[in-house]
Amino acid sequence: MLLLPSPPSSSSSCFSILEPSPRPLLQFHPPPRRIFHFRPYALNPTTALDSFTQNSGYLFRLTAREAESLEDYSVPKIAAIYRRKPFLVLRRLLQVASTFGRWLALRFIDDLRERSDLMFEVRASELRNILVELGPAYIKIAQAISSRPDLIPPSYLDELSFLQDQIAPFSSELAFNTIERELNIPLDELFSEISPQPTAAASLGQVYQARLRRNGQVVAVKVQRPGVQAAIALDILILRYLAAVFRKVAKLNTDLEAVVDEWATSLFKEMDYRREAKNGLKFRELYGNLQDVLVPQMFIEHTTRRVLIMEWVKGQKLTEVKDLYLVEVGVYCSFNQLLEYGFYHADPHPGNLLRTSDGKLAYLDFGMMGEFKQELRDGFIEACLHLVNRDFDALAKDFVTLGLLPPTADRQAVTQALTAVFQNAVSKGVRSISFGDLLGTLGTTMYKFKFRIPSYFSLVIRSLAVLEGIAVSFDPNYKVLGSTYPWIARKVLTDNSPKLKSSLTSLLYEEGVFRIDRLESLITESLRARIEKSSVRKVVENSDSKIVVKEVLSFALSDKGSFLRDLLLQEIAKGLDALGLATLDSINSITAARIPFGSSISVSMMTNEDVNNLRTLNRLILLLSGSQENLSNEVTLQRANKNQITGFDEAYVQEILFVLSVIPELPPESQQQILNLPVEVARRLISRVTARTIRRMWS
């Protein structure tokens, strides 16, 4: 039997580097000295075992072969190991049950004695200590919920937040030995300085500040706790078993074992620092150039499975600085992660998001990442569109696409249920929709209609929910969906994906009728898709009308707006055709009024479709002119009867002239596009008039 070293626990691969440690760095002066010359000074002040090792250190007792087989998450391998250790499994079950049972009993006694409020903070502190005693698996679960101030009482939130990066570290001597063994190089040859104690410690590893001897660069050195995988493996096996029992007893449709497996797979990947370094490189390549986003450099050549060296980042936790602008930066970065590239940070708790000294948002810890496939990204975008536009029948289809509903579900009943659940939530507009509230109100419906939670979905939801949780901690009215939707709207209007083009067409055309109100909403929201330090809403809502008109026209005339431009030209051609018919009707009406009994034989050439097209043209002019009027009070087209169309007055002409006045201020390429538009509109108009004429001749 191989007894792995029992380090004082409490570390994690997720860490937050705050201000440089006030403790002096250990310095190595030439000629190089062996590490043991100064190692006594590198020990932590407290050499006693931490509470996790004291209470759960027995979990480390594996043979070398068993420990090696746990490098990757495999249920059969884990089960095979612990099937031969029934007493160890039983001991762990009893430990977990008795530890939580004792705490729950105390909470129950507090309720009986009516002193729950008095003991609230005490019990919160006890719960944190319990989680530390039980180890990394339980700490990770607590971290997942510690960023939700809207769900967790403040006292518990404060205590659980300590689990993100303020856990008692294990011995620095053990950590330094691990660095030398993993990198196969003496510490003093690699570093000229290193902090004698860790600057941060959490559930899987701990971090030291050091200076590379070769170039003097300050780096963060992350060291993993020996034996941590053995501890986590057994706890996951137990959680997986309990998930299966709970699913059977509660008769749930969600495959809870698959959800645990998805989380466990990510957790095991997180414990391989080589994979984390590669993730960091990819994350830096994809998102490192985004405005005010910083992704630290990784030193692959000095990284192994248990040791990671990366660029040192100096900053403060995002939750401590209350910078709403950086939250908006985070929302934009999350949009790119989830919906542009599908490679996303699945563990964005406050310890992993920093505000740097120069005001940038720094991402740390790339151990837990997720992949979002293209078809699922498109399905998620469509679901957001249909939710905001209250198309609940289409939303039910989206839930099937996303794997939330089985294809055999009664879609009509689901649509009715979704309408009842979401109607009030979206009635106040997209900017008032709370992501957390949506998930909460969906609970009963999910149970009734046998909703399933796909394994990938839990990580995506957690990523968004954590970001909203950080924001609401200092702005209770913040809505992550409301901040993300402008980017979704812009993507739908500009993306070349055939599926999203089809979705846009389906959204804008309902039973053959063009929904100009939906286009207005999409364009208005897309104009908010910026991350300027001045509030994006103020820029759009309070700016000069000319700025808005230039934004709309530039957008529609750009290469990315080509599909939208085609739709607009089509509707303009329809509207001009209808305008011609309305003009003929007006001439006929005036002529008939001057002929005895002429009014009785006057026949309108316009259909209801033409009237709708004329109304659409009017609203398009208002939209392109940046009119801020309430569209319910717009200059609408009213029909007194089939022979009379009114509504195009001097105000309408002024709107057209206003649009024309902006054209000289557009970029040259946009002006060139405008010169081509009359020919294109004329071509479509002639085609439409010709088709109608032929149709009426043969009818």
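**Close-up 1. Serine 334 in helix α14 of the predicted model.** Serine 334 lies in helix α14, residues 324–341 (helices are DSSP runs of H or I, at least four residues, numbered from the N terminus). Serine 334 is buried, at a relative accessible area of 9% (buried: under 20% relative accessible area, 1.4 Å probe, protein chains only). Leaving aside residues up to four places away in sequence, serine 334 touches Tyr363 and Leu467 (contact: heavy atoms within 4.5 Å). This is a predicted model, in which local features need pLDDT of at least 70 and side-chain atom pairs count only at pLDDT 80 or more, while totals for chains, interfaces and linings use all residues. Residues are numbered from 1 along each chain as its sequence is written, and side-chain values use heavy atoms, with hydrogens and water left out.

**Close-up 2. Packing of helices α15 and α16.** Helix α15 (residues 374–388) packs on helix α16 (residues 392–401) at about 160 degrees, the axes being 9 Å apart (axes: lines fitted to C-alpha atoms over the stretch in contact; angles: 0 to 180 degrees between N-to-C directions). The angle therefore makes α15 roughly antiparallel to α16 (over 145 degrees). Leu376, Gly379, Glu382, Ala383, His386 and Leu387 of α15 meet Phe392, Ala394, Leu395, Asp398 and Thr401 of α16. These contact residues comprise six nonpolar, three polar and two charged (nonpolar: Ala, Val, Leu, Ile, Met, Phe, Trp, Tyr, Cys and Pro; charged: Asp, Glu, Lys and Arg; polar: the others, Gly among them).

**Close-up 3. Crossing of helices α21 and α23.** The axes of helix α21 (residues 480–494) and helix α23 (residues 516–526) come within 7 Å and cross at roughly 115 degrees. Tyr485, Pro486, Ala489, Arg490 and Leu493 of α21 make the contact with Leu519, Leu522, Ile523, Glu525 and Ser526 of α23. Seven of these residues are nonpolar, one is polar and two are charged.

Note on methods. Helix = DSSP H or I, 4+ residues; strand = E, 2+ residues; numbered from the N terminus. Buried < 20%, exposed > 50% of the residue type's maximum accessible area, 1.4 Å probe, protein only. Parallel < 35°, antiparallel > 145°, perpendicular 65-115°, else oblique.
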